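Hi,

Here is the structure I promised to send over. Have a look at it first, and then read on for what I found.

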Amino acid sequence: MKEPTIPSPSSSAPRSTGTGRTRAKAILVGEHAVVYGEPAIALPIASLPMRATARREDGPLMLESVLYSGTLADAPEQLAAPRAAVEATLDHLGLPHTGIVLATESTIPAARGLGSSAATAGALALALADLAGRTLTPQEHFDLVQVGERVAHGNPSGLDARTTASTEPVWFQAGEIRSLDLRLRAHLVVADTGVHGRTRVAVADVRSFLERHPARGAELIAELGQITRDAVDDLALDRPRELGARMTRAHGALAELGVSSPELDRLVGAALAAGALGAKLTGGGQGGCLLALAADTTSAGTIAAALRRAGAARTWLHRTDARHPAAPAQVSLG
Ligand code: PMV
């Protein structure tokens, strides 16, 4: 793993329109344990991009999005997180809270553990910085997105804020990221249960499990941490079978902690029956999405079809060795 290099802040002339790009993320392993200081591995999903623009136009601060179009001040509760991040970004950049129209174009389903709130806040922050002719450092960008994430999740680990801004898979621990040596040639099927994930509730339920069963809870968190550390070698040494087995074990540990759901368990079972090397929930859980690991494209297609037959609302395919040439990083690991 190499240390990320931090691009230095730069500035150019303010523009009439600014653009920001981020993308969805999927947690490969380590969710929930990461809240207790263990590491996690997360992947940006380039096929689920988020684009935001900011343009100068007289009148109040406006937002145009699929969920809502109108003044940002009157945006519904669901948009409280991006709104908080936008307000913090305007203050940070010394921009007025008026005379700007923000717009988002998103392909990321909301509340499915794919980082939609962080990706929205992150793209909007980048668009505003671009409008102001500024480049945000990774830390500045992270801090601004976290303002919104705290509204959305209470006590977020920062994993979403980091990964949705990255174009490379990341190792994440205690708020810091490292890039990963990734040589795994496999395919991930991302499947949506169609049920909203409940990250805030799930995080609280894990805390309650740890209070009620401290010894078993500590064992499960440590097991998830070890799975993540071992997964690093699987990724570097191209060991899909080993990684798959670890993913399925991680799902078992997360289920015992109380963050799976009947839909997730059913779809994990369907993926394994259709030949997946492993499968697990991803993100906060209690709904949302799951990941199934497939050895090749044919198998990925078979698993995706089986998941849809078993009730998945949508599926997406992601190559683990995908690079993101079409989506230049605005916040880079270097
Ligand atoms: O549901 P998501 O995609 O926001 O992921 C949450 C990940 C957790 O580890 C459960 C919480 C966190 O803050 O890291």
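In what order do the four strands of the open sheet run? Before the answer, one caution: this is a predicted model. The order is β9-β10-β8-β11, and the pairing is antiparallel. That puts β9 (278-282) and β11 (314-319) at the edges, each pairing on one side only. On average, neighbouring strands in this sheet are turned by 25° against each other, direction ignored.

Strand β8 (residues 187-192) and strand β10 (residues 289-294) run antiparallel and are joined by six bridges. Leu188 is a handy place to start, as it stands opposite Leu293 in β10.

Two helices lie across strands of this sheet. Helix α9 (residues 297-309) lies across β8, β10 and β11, and runs at about 10° to β8.

Now click on His187, which sits in strand β8. Is His187 buried or exposed? Its relative accessible area is 13%, so His187 counts as buried, the cut-off being under 20%. Leaving aside residues up to four places away in sequence, the residues His187 touches include Ala292, Leu293 and Ala294, and also Asp296, Ala300 and His318.

Next, the ligand. It is surrounded by 14 residues, and the closest are Lys25, His32, Ser157, Thr199 and Gly284. Two side chains are worth a look here. An N or O atom in the side chain of Ser157 is 2.5 Å from an oxygen atom of the ligand, and for the side chain of Thr199 the corresponding distance to a ligand oxygen atom is 2.6 Å. Of the 380 Å² that the ligand exposes when taken alone, the protein buries 95%.

Last stop, strand β5 (residues 98-106). Strand β2 (residues 40-60) runs antiparallel to β5, with eight bridges joining them. Within that pairing, Arg55 has Val101 as its bridge partner in β5. Strand β3 (residues 62-64) also pairs with β5, but in the parallel sense, over three bridges. There, Glu64 has Ala103 as its bridge partner in β5.

Cheers

Terms used. Residues numbered from 1 in each chain as written. Predicted model: local features only at pLDDT ≥ 70, side-chain atom pairs only at ≥ 80, totals over all residues. Heavy atoms only, no water. Pairing = 2+ DSSP bridges. Axes fitted to C-alpha atoms, helices over the stretch in contact; angles between N-to-C directions. Contact = heavy atoms within 4.5 Å. Buried < 20%, exposed > 50% of the residue type's maximum accessible area, 1.4 Å probe, protein only. Near = heavy atom within 4 Å. Polar contact = N/O pair within 3.5 Å; in protein donor to acceptor, adjacent residues only side chain to side chain. Areas by Shrake-Rupley, 256 points an atom, 1.4 Å probe, with all protein chains shown as cover.
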